[in-house]
Amino acid sequence: MDIFKKTLSLLIFSFLSLLMAQGTLADTQPIDASKVDTQAEIKYAPKKGELATPNPDLKIDSVNEKFAEKYPRQYDSWKSTNKSTAADSAIEQDPRMIVLWGGYAFAKDYNKPRGHYYAITDVRNILRTGAPTDANTGPQPMACWTCKGPDVPRLIAEWGEEGYFTGKWAKAGAEVVNSIGCADCHDTGSKDFADGKPALRIARPHVLRALEAIDKPFEQSDRTDQRAAVCANCHVEYYFDKTNANNVVFPWYKGVDVDSMEKYYDEIGFKDWEHSLSKAPMLKTQHPDFETWSMGTHGKNGVTCIDCHMPKVQGEDGKVYTNHQIGNPFDAFESTCAKCHDQSKQTLKQTVANHKKDIKEVMIKLEDQLVSAHFEAKAAWDAGATQDEMKDALQAIRHAQWRWDYSAASHGGHMHAPDVMLKVIASGLDRAADARRELAIILSRHEVKQPIDYPDISSAEKAWKVMGIDIEKERQAKDEFIKTIVPEWNKEAKAKGLLINDEPPVK
């Protein structure tokens, strides 16, 4: 174990050296979102009665298509995110995840991210949302829509937060139909927007509260911070507050780094689910991109998501506009990376690829340790272990997997903050070792032969079987839902004027 820790330390040191040797970044005012002002006014999640009430003065036109004529370049580039068509299954490529998420819907289906154009399609099609037959059935709450498009802030303004978040996901099937677009980031009804200005706005109250918590109130922030904050509408870690209205909360009240968020979760006694094998109280990380970016080289130097993923480009007519085809910065290298770096595109691509490869290697090591720990915990329970015996091991599993998931779910973490990712994974390996050491003692105490027999999970099909998931039944139910329920949602949305010509694609 000591040798492995030393190897990780050397790996982390080498990455830090690489980062220091990279090309010079823009000399702008640093953003340090990991610092929390202890005097900030809002330092807790909203309690019952504190959620935002309906706001009839807030008008949000959620139909993206309505802005195509006035802003054709921006609209056409936004729509071109439909070119990112691949919906690749991450868990079929790495069946360990099926075990790691045992007892949670992510074990059924988890795809790699693709273009914003498909946000509605993907949440409709993913097995995790089930196959509801009416507004009151299905496994997921309303909060599962919250990042998917501008209909969400429209509904929050109309219904209030409690009215929006209460109920099942299917309740808004005919209401949330426009994919992530214009009114998610812009005040589309303002004079500034009509005059061609950005008119950036955050219309989701829970995001405004979170920015207050890290002393970055949106209205008082400069343009750099605002440009980053609009992406924090969605690209963040969050949880559903079951003690309130199942509303979305960002766990930033102690900071945005992995340790601070973990401490917050531990102090409020929160868990997303109990693992079906180990019975550990688990945390499911979402996609803490804003958090990792803020702690990385780009975030600290004021280089925002917009600079790299939505650069200014020149059209054929010579006019400059913001490219809304959000994607890989290397696809527009001269307008993104080359603005600050003097290395060649190939050199920088290779550097990033190396970061990704090395992080993936240690991440898989952590996955292997966690899979073993979950099965060992089950063996301990089966042998008669008590809750008191198991509590330290289960807490260590919780902390170790939180760190793995924080790293795995952070889109582009290998680019945004590879040093942070390596430190997080290294600490996760330490906690996994703690868990397995505790479990070895418990198994010995209960006279369980070690090593235990670990099931074969070498393919997704084998892993689903081991975890008791009837994947074909899930798929058949989803197919029927898409064939019968979704067309009715689209029909109703068109009757309400929420869709004009284009429906969300079927696949």
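1. Contact of α11 with α16. In this predicted model, V258, D259, M261, E262, Y265 and D266 of α11 touch Q395, R398, H399, W402, R403 and Y406 of α16. By class, the contact of α11 with α16 splits into five nonpolar, two polar and five charged residues. Helix α11 spans residues 258-268, and helix α16 spans residues 387-409. Their axes lie 11 Å apart, at an angle of about 135°. The two helices are therefore oblique to each other. The crossing of α11 past α16 is right-handed.

2. Contact of α15 with α16. Helix α16 also packs against α15: the axes come within 10 Å and cross at roughly 155°. That angle makes α15 roughly antiparallel to α16, because values over 145 degrees fall in that class. α15 passes α16 in a left-handed crossing. On the α15 side, the contact is made by M363, L366, E367, L370, A373, H374, A377, A380 and W381. On the α16 side, the partners are Q387, M390, L394, I397, A400, Q401, W404, S407 and A408. The class count for α15 with α16 is 13 nonpolar, four polar and one charged.

3. Contact of α15 with α18. How do the axes of α15 and α18 cross? Helix α15 covers residues 345-382 and helix α18 covers residues 418-445. Their axes come within 9 Å and cross at roughly 20°. α15 and α18 are therefore roughly parallel to each other. The crossing is left-handed here. The contact of α15 with α18 has 17 nonpolar, four polar and three charged residues.

4. Cysteines. How many disulfides does a search of the whole structure find? The search returns zero. C182 is in no disulfide, and the nearest cysteine sulfur, that of C185, is 8.9 Å away. C182 is buried, at a relative accessible area of 17%. For C185, the closest cysteine sulfur belongs to C231, at 6.5 Å. C185 is partly exposed, with a relative accessible area of 23%.

5. Helix α2. Which residues of α2 are buried? In this helix, residues 72-79, they are Y75, S77 and W78. The cover over the buried residues of α2 includes β6, residues 320-322.

6. Backbone points to check by eye. Most residues other than glycine have a negative phi, and most peptide bonds are trans.

7. D215. Phi of D215 is near 60°, a positive value in a residue other than glycine. D215 sits in the loop between α9 (205-213) and α10 (223-229). Is D215 buried or partly exposed? Its relative accessibility is 40%, so D215 counts as partly exposed.

8. N246. Phi of N246 is also positive, near 60°, and N246 is not a glycine. N246 lies in the loop between β1 (239-241) and β2 (247-249). At 22% relative accessibility, N246 counts as partly exposed.

9. P451. The peptide bond from Q450 to P451 is cis, with omega near 0°. P451 is in the loop between α18 and α19, the latter being residues 460-466.

Note on methods: Residues numbered from 1 in each chain as written. Predicted model: local features only at pLDDT ≥ 70, side-chain atom pairs only at ≥ 80, totals over all residues. Heavy atoms only, no water. Axes fitted to C-alpha atoms, helices over the stretch in contact; angles between N-to-C directions. Helix = DSSP H or I, 4+ residues; strand = E, 2+ residues; numbered from the N terminus. Parallel < 35°, antiparallel > 145°, perpendicular 65-115°, else oblique. Left-handed = near helix turned anticlockwise from the far one by under 90°. Contact = heavy atoms within 4.5 Å. Nonpolar A, V, L, I, M, F, W, Y, C, P; charged D, E, K, R; others polar. Disulfide = S-S within 2.5 Å. Buried < 20%, exposed > 50% of the residue type's maximum accessible area, 1.4 Å probe, protein only.
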